[in-house]
Amino acid sequence: MFHLFRRKKKRSEPAGPDRGILVFENTTEVIRAETVLQEQGWEIKVKGPPPGLRSGCDLVIEFPLIEELSIIRKLSEDGIKPLQVVPVNSVLLEPVDLLQIKEYGKYLMVRAANMKITVDRETRLIVNLSGGGCPDVPYLAEQMVSRSLDNAPQPREVGYTLCAYALQIAFDRVVELCSA
Amino acid sequence: MLGLVGTIPEESFPLTCGRTLLKEGQIHLENRSIAVNRGTPALIAAAAETLNYLGSSAPFCYLVGDIGSGEGSKQLYKHLTAGIRESSFTTLALHYFQPDVALFKEMLQEIRAMAVQPTLIADAGFMYVAKMGGDAAHFDLFTPDAGELAYLADEEAPHPFYTRGFILHDHNEVPDLIERAYRHNNAAAFLLVKGASDYLANKDGILAKIDQPKEEVLEAIGGTGDTLTGIVSALIATGMEIEEAAVRAARVNRLAGLYAKPTPATQIDELIKQIPRALSEVLSDNERNKTGEESGAV
């Protein structure tokens, strides 16, 4: 039986006219930009692009439009260049926020959307990754399986796609559960 | 002839096409060897084991290295767009790949221009992009798991990452999600949904439910969906009807899982080794145990 957990976050509301979105070449760039901007304390959110900007495996960053110049400057200092900066004019999609947790004796499996991670709670070893469909999933499995939660690379560090992002959400939750 | 398309998790692996040979736990293709692990290598190995058991020729594979940047996938999209029209595959299974709607549509247009339409199967990234681009109905079979089925059922989600919580929630039963996926034209002609129970469905509803043998831990093992897709693709390529192939493949995959004596830490190569034994059992039942008599068939 799965246990369901919703991630703690505010209820989704339509973005106001004071919000803009940064569009990047690929998800890796989004993850890099998110890291840089969050470290600087900006109030940003990673979301799905509006229909007119979707091409495949996409994420965008929603940001306070008024701070566009300073955000672009900071990203530029870090060698990150968005493809487009546009105001928000439609409701943006929210990333998955419902996690499913299953126990198999000493093993714990957490699923976020299409990605699953399984850990041996006694040893903290990652014993399996499953699900997903983007090409970095098998690569992430090679990098993470048989490694400890404490020294495995995080999906956001080595992944590129939305599957990696979903796996990061599951990874964060499994770390939290194994530290409790 | 069975064609398989997918990616290898190695950045330097060049675009390579040819018939594969499965030998001593490695896939051999054009002077290269590939470890059998989750993802497209598991699909290839399962298909190769199945075809070998049935005395059919090995699958023809189109592979490229891609660790998520999408560069390898772009190369292979373009390669297939340029040449797939002239091929003569009877069955084509599309697997781990970077979703790119524009490149995918160009490639699909060429597949649809083939003189004889192959049975078209998609899983993983290719299933995502087919739904993302509104092209699911051009496919004969999708093989989603529970999370991916919820994605197919969510008419607004462009990727499983954006599946809305009220659809992803466990209170939604598989048959309801299947019905919703078909209602919004986001499913292939057949869906083989893998999970604690496997379901075969089409637009009219559930055709079969396969829930024996039961090994709950298979869900945690990376690659069990890939092997199922590989087995069903191979069975279809030998001429079996999709409905029968799907039910047989689900049984073979579950039996191979059982024979592997799995724990959540088991790796997929252990299951693949058991496929011939499982095929032997399931296919020897072929004449006396037709599709409708499968365990749990509805």
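## Contacts of A:Ala166

Leaving out residues up to four places away in sequence, A:Ala166 touches A:Val96, A:Ala112, A:Ala113, A:Asn114, A:Met115, B:Pro160 and B:Phe161. Two residues are in contact if their C-beta atoms, placed from the backbone, lie within 7 Å.

The model is predicted: local features need pLDDT of at least 70 and side-chain atom pairs pLDDT 80 or more, while totals for chains, interfaces and linings use all residues. Residues are numbered from 1 along each chain as its sequence is written, and chains are lettered from A and ligands numbered from 1 in the order in which they are written.

## The nonpolar core

A:Ala166 is among the residues with the most contacts inside the largest nonpolar core, which has 158 residues; the others named are A:Ala170, B:Leu149 and B:Ala246. Such a core is a set of buried Ala, Val, Leu, Ile, Met, Phe, Trp, Tyr and Cys residues joined through C-beta atoms within 7 Å. Helix H5 of chain A, residues 162-179, gives the most to this core, with 10 residues.

A residue is buried if 20 or more other C-beta atoms lie within 10 Å of its own. Of the 180 residues in chain A, 48% are buried.

## Helices, strands and domains

Chain A has five helices and nine strands; these are DSSP runs, with helices (H or I) of at least four residues and strands (E) of at least two.

An automatic or database assignment gives the domain bounds: chain A is divided into domain 1 (19-87) and domain 2 (98-179). The C-alpha centres of these two domains of chain A lie 25 Å apart. Six residues of domain 1 of chain A are in contact with six of domain 2 of chain A.

Technical notes: A residue is buried if 20 or more other C-beta atoms lie within 10 Å of its own, exposed if 12 or fewer, and partly exposed in between; C-beta atoms are placed from the backbone.
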